[in-house]
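Here are my quick notes for you, written to be read with the model open. Have a look first, then go through the points.

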Amino acid sequence: MRKNFAYGVSVVALLGVIVVVVFGQPPTPTESPTATPTPTPTTPPVLISTATPTPTPVPTPTLTPNESVTVSVPSTLTSPSPSPSEPPISVQAAALEASSLGWSEKGSPVFKIDQAVITALQQNPDVRRALEEIRRTKGVVIEIRAQALPHIGPTGTFTWTDPNLNENTSFSTFGQVVPTPTPAPTPTPGGTPMMGMGNGGIKNLRSDISYNIKVTGTQLIFNGTTWPAIRGTFFQRDSAYFSLRNTVDLVISTVKTQFYQVVVNRELIVVQEQSVRLLENQLKDQQNRFEAGTVPRFNVLQAEVQLSNQIPQLITARNNYRISILQLAKTLGLDFNPARGLAAPLRVVGELAYIPRKVSLIEAIELGKQNRPFLKQARANVLNQIEQVHVALGGWFPTINANGGGEWLSSQFNSSWGDISKGWLTTVTGSWPIWDSGQVWGQVKQQRALLSESEITFDDDVRQVELEIQQAASNLSQNRELIQATEKNVQQAEEAVRLAKARLDAGAGTQLDVLNAQVQLTTAQSTRLQALFGYNSSLAEFDRVTGTQSSYTEQFDGIAPRASRSRTYYTGSDVDARGRPKRTDPFQPGPVTAISPNPSSK
């Protein structure tokens with residue numbers, strides 16, 4: 001009896017050792033189809049290493065024997081964590097197919113962020129309009145400058161009179177018709193006088209054809225309006241140039257923001273799909289447990305409701321992605337192609353990276369004041385208004401013009417080109433408004449008021465630049481803190497989901513714990529992605545408001561603009577709207593020292 005009992009104990013111990021060895025060893029080839037997990041169908045390993053846009057490609061995930069061991073443990077002991085076996089969200093987002101995106105991106109042009117920026121600068125309508133505005137202001141310069149240059153042109157008249165009107169002429173005196181006195185015989189060009197009688201009068205021997213040709217030139221000698229007007233057009237041209245630079249910075253910032261919006265919307269699809277898949281698995285598990293009689297029907301209904309609430313969020317994420325793609329295509333100036341149908345107009349390749357940047361607010365504000373083309377454009381408007389005041393004051397000065405040229409006049413009795421009179425003409429004219437009932441003074445008051453308005457606008461623009469820089473710096477700080485706060489939160493949420501599922505499988509937890517943990521994980525992942533998007537978009541906005549969004553070769557149509565070679569447009573803190581040094585105000589702190597040794601280079 002004791003031998004049998006001892007034998008039975010030894011058999012049980014041997015079985016226990018065998019069970020431990022089976023669970024502790026890697027699975028055999030026959031066990032791998034059921035014990036080894038496979039990646040998500042939408043992200044095959046072949047696509048992961050080719051679709052990622054990062055410079056350092058993420059290695060293709062493979063299942064090692066160690067991972068197989070952890071998966072082989074029964075579900076009652078532990079539950080596999082999705083994060084070690086699944087690739088990063090950015091890699092999964094790059095491998096999304098048409099079924100996940102809602103349309104096909106096959107054959108669509110691929111854009112990285114630098115390619116998108118270059119395309120926008122070439123095709124964006126705002127940039128193209130700004131270029132045409134520069135050409136328009138150049139035309140204004142040519143038009144106004146022409147007023148001070150000579151104007152030369154021919155003028156001519158040609159007259160034919162019916163001979164019947166020249167035969168018997170008369171004139172009227174005090175209402176009475178008096179016959180035309182008989183003139184003396186008029187010699188012909190050959191010297192023989194000819195007279196003819198017709199209707200009791202003398203026949204008029206004047207030619208029926210007469211013509212007059214002049215070639216004259218006009219030159220402005222002096223006035224008080226043309227030269228200030230010409231100088232004003234130069235500032236208008238510079239204003240258009242700085243408007244182009246401001247538009248370029250704005251377009252670059254917009255393209256970056258929309259590009260990052262596409263990336264984050266694509267990755268949010270992955271987050272929502274993961275949540276839906278987990279809820280589907282949870283629903284299936286509860287249905288199996290309900291059929292086995294271990295859980296009530298309430299658990300199944302609760303899982304169905306949670307899944308139904310999550311699906312609309314996935315649909316919304318897909319729609320947000322498609323809308324962001326269409327908005328980016330419009331900014332890039334891409335036309336709708338009917339041949340593509342419902343396919344995507346483009347495909348974005350990139351990811352949201354966190355690159356910390358140290359920001360000094362005081363230096364950033366001063367840098368923005370010196371570099372922003374927005375302020376330089378406002379300075380050009382102020383200088384233009386100063387010249388318009390001079391134009392209005394010029395109305396009190398005299399105007400002197402000189403005319404000169406040659407004239408060719410036909411003979412009265414012969415229309416032959418050889419029988420003409422010719423000579424030179426010279427005329428000098430002048431005018432001086434002695435009394436205009438206050439017309440010029442009214443124009444002067446208007447232009448001075450407009451000048452004051454432009455100076456007030458410049459000062460307000462300076463404060464606007466300061467506000468934008470402080471806002472961008474604050475947004476950068478906020479999103480930096482959010483990234484740091486959510487980075488660990490995502491890991492904790494993933495661990496909470498794993499533990500909740502393990503507790504539920506072991507019978508120590510509830511289904512509600514798993515659902516709540518999954519909701520918290522989805523929220524944490526979405527919050528982190530939004531923080532990454534906010535940081536990158538805030539960084540693009542910070543570069544724009546500080547004037548460091550782009551660098552310029554300072555050439556337009558092969559010519560370096562005058563504005564880029566002049567210190568007239570230095571807009572640091574130590575100068576006012578007209579570029580003059582600011583006066584010291586005892587109630588205001590002193591101006592910040594200029595950072596750049598060459599402020600006119602921007």
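The points below cover an asparagine, a helix and an aspartate.

1. Ground rules first: this is a predicted model, where local features need pLDDT of at least 70, side-chain atom pairs count only at pLDDT 80 or more, and totals for chains, interfaces and linings use all residues. Residues are numbered from 1 along each chain as its sequence is written, and side-chain values use heavy atoms, with hydrogens and water left out.

2. Start at asparagine 223, in the loop between strand S9 (209-222) and helix H11 (226-292). Helices (H or I, at least four residues) and strands (E, at least two) are DSSP runs, numbered from the N terminus. Asparagine 223 counts as buried because its relative accessible area is 10%; buried means under 20%, exposed over 50% and partly exposed in between (1.4 Å probe, protein chains only).

3. Which residues share side-chain polar contacts with asparagine 223? Threonine 226 does, at 2.9 Å, and so does threonine 225, at 3.4 Å. (A polar contact is a pair of N or O atoms within 3.5 Å; within protein, one must be able to donate a hydrogen and the other to accept it, and residues adjacent in sequence count only if both atoms are side-chain atoms.)

4. Just after H11, glycine 293 takes a positive phi of about 85°.

5. Now to aspartate 513, which sits in helix H16 (residues 511-545). With 37% relative accessibility, aspartate 513 is partly exposed. Its C-alpha lies 9.1 Å from that of arginine 503, ten residues apart along the chain.
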